[in-house]
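Here is a short briefing to read alongside your structure viewer. Have the chain open and follow the topics in any order you like.

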Amino acid sequence: MHVLLSSSTPHALEPTAYCRHSRTQKPGRVQIKALALSALFLASGLVSIPTLAADHLIANLEPGQRVQLNSEIQGVVQQVHANLGDRVEAGAVLLQLNRRDYELETQLAKAQVALSQAERKASQKQYQRLKTLYKNGSVSDSQWEEAIRNYDVSRAQVLVDQARLDITRQTLSKTALKAPFSGVIASRMTEPGQLLNSGDSAFELVSLNPMKAVFYVLESDYQRIQPGDQLDVELRVNGQRYPAEVTHIAPDQNQSRPGYRVEALLENDQGQLKPGFSARIWLPDDGPDAEQIETAQAVIRNNTLDQNQTREQEDD
């Protein structure tokens with residue numbers, strides 16, 4: 001709690017009370033004294049009407065999720081299925097690269113698997129035949145060891161070629177760039193016929209429900225807010241209020257902005273909230289309790305009696 005006293009003349013003081021505390025923390029003696037001080041100035045007739053400053057912070061609305069969609073492989077863009085502002089569902093194909101080169105690589109990998117499987121069958125038969133002969137003493141130790149080695153190598157080669165086939169199939173699937181979640185296309189950076197390299201950006205996708213209110217608190221407020229707190233978010237453009245819940249609080253101060261970054265989620269079922277909107281945030285506040293109000297009223301009564309007694313003495 002801070003009490004700011006400003007004066008335009010020596011006989012006209014106007015106290016301004018700026019109060020902020022958390023829901024779980026009851027106001028203490030400092031706030032009671034401030035209320036009493038305000039009441040004292042008002043009752044004494046030395047001040048104009050006191051002004052209570054609104055306890056709010058300024059926040060900016062951001063998408064609940066935002067991601068740059070990049071191509072994982074190199075290829076020529078064959079088709080683009082999404083444009084700026086389009087709403088897309090999770091798993092929807094946004095872009096298709098030319099598949100032909102990757103289809104050929106997959107066919108080659110399949111043929112290699114078939115070849116290695118045939119080699120494994122042949123070496124297995126040779127292994128079984130030499131195994132019987134070795135027991136009868138008809139083959140040497142070196143021949144038997146060679147049969148074992150060939151059989152082991154053929155089995156391993158099948159596993160290697162199968163893994164290569166899986167990789168080519170996975171690469172082929174990456175020719176279709178898909179939406180990782182439902183949202184809105186915020187930016188499109190590619191056109192049909194364009195060559196995309198691995199890592200090149202194609203789209204920016206955002207999720208607008210829920211939205212995220214981002215604001216910064218100073219040291220004095222850091223301990224007064226915690227994840228799970230319920231806040232009021234008021235749009236500056238139209239004054240509408242929305243409930244929000246604190247989800248994340250940064251453990252250290254932001255290097256480019258003063259204070260600690262705080263994120264709060266708010267529902268946007270009607271789609272009225274847009275990224276970039278500014279809003280006012282009210283921190284959790286219980287307001288003055290009955291004891292404080294009674295104390296302030298007592299101060300007013302006592303000072304009123306003192307003033308009346310003083311005037312009576314002056315009249316006498």
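Which residue forms a salt bridge with Glu 234? The partner is Arg 241, and the closest N and O atoms of the pair are 3.3 Å apart. Please keep in mind throughout that this is a predicted model.

**Confidence**
- The protein chain has an average pLDDT of 81, and 73% of the residues score at least 70.
- Over residues 1-37 the pLDDT stays under 50, and the model has 85 contacts beyond four places in sequence for this stretch.
- Where pLDDT is low, the predicted coordinates should not be read in detail.

**Salt bridges**
- The count of salt bridges comes to 15.
- Arg 100 forms a salt bridge with Glu 103, with 3.9 Å between the closest N and O atoms.
- Both Arg 100 and Glu 103 belong to helix H2 (residues 100-136), where they sit 3 residues apart, about one turn of the helix.
- Arg 100 is partly exposed, with a relative accessible area of 47%, and Glu 103 is partly exposed as well, at 25%.
- Arg 261 forms a salt bridge with Glu 263, and here the closest N and O atoms are 2.9 Å apart.
- Arg 261 counts as partly exposed at 23% relative accessible area, while Glu 263 is buried at 15%.
- A network of salt bridges links Glu 62, Lys 212, Arg 261 and Glu 263.

**An open sheet**
- 4 antiparallel strands make up an open sheet, in the order E8-E7-E5-E10.
- At the edges are E8 and strand E10 (195-196), each pairing on one side only.
- Strand E5 (residues 75-80) and strand E7 (residues 93-97) run antiparallel and are joined by 3 bridges.
- Val 77 stands opposite Leu 97 in E7.

**Around Thr 175**
- You will find Thr 175 in the loop between helix H3 (141-173) and strand E8 (176-178).
- Is Thr 175 buried or exposed? Thr 175 is buried, with 0% relative accessibility.
- Beyond its neighbours within four places in sequence, Thr 175 is in contact with Ile 73, Leu 95, Gln 96, Leu 97, Asn 98, Arg 99 and Tyr 102.
- One of these contacts, Leu 97, is the residue in E7 that Val 77 stands opposite.

Definitions and conventions
Residues are numbered from 1 along each chain as its sequence is written. This is a predicted model: local features need pLDDT of at least 70, side-chain atom pairs count only at pLDDT 80 or more; totals for chains, interfaces and linings use all residues. Side-chain values use heavy atoms; hydrogens and water are left out. Helices (H or I, at least four residues) and strands (E, at least two) are DSSP runs, numbered from the N terminus. Buried means under 20% relative accessible area, exposed over 50%, partly exposed in between (1.4 Å probe, protein chains only). Contact means heavy atoms within 4.5 Å. Two strands pair if DSSP finds at least two bridges between them. pLDDT is the predictor's confidence in each residue, from 0 to 100. A salt bridge is a side-chain nitrogen of Lys or Arg within 4 Å of a carboxyl oxygen of Asp or Glu.
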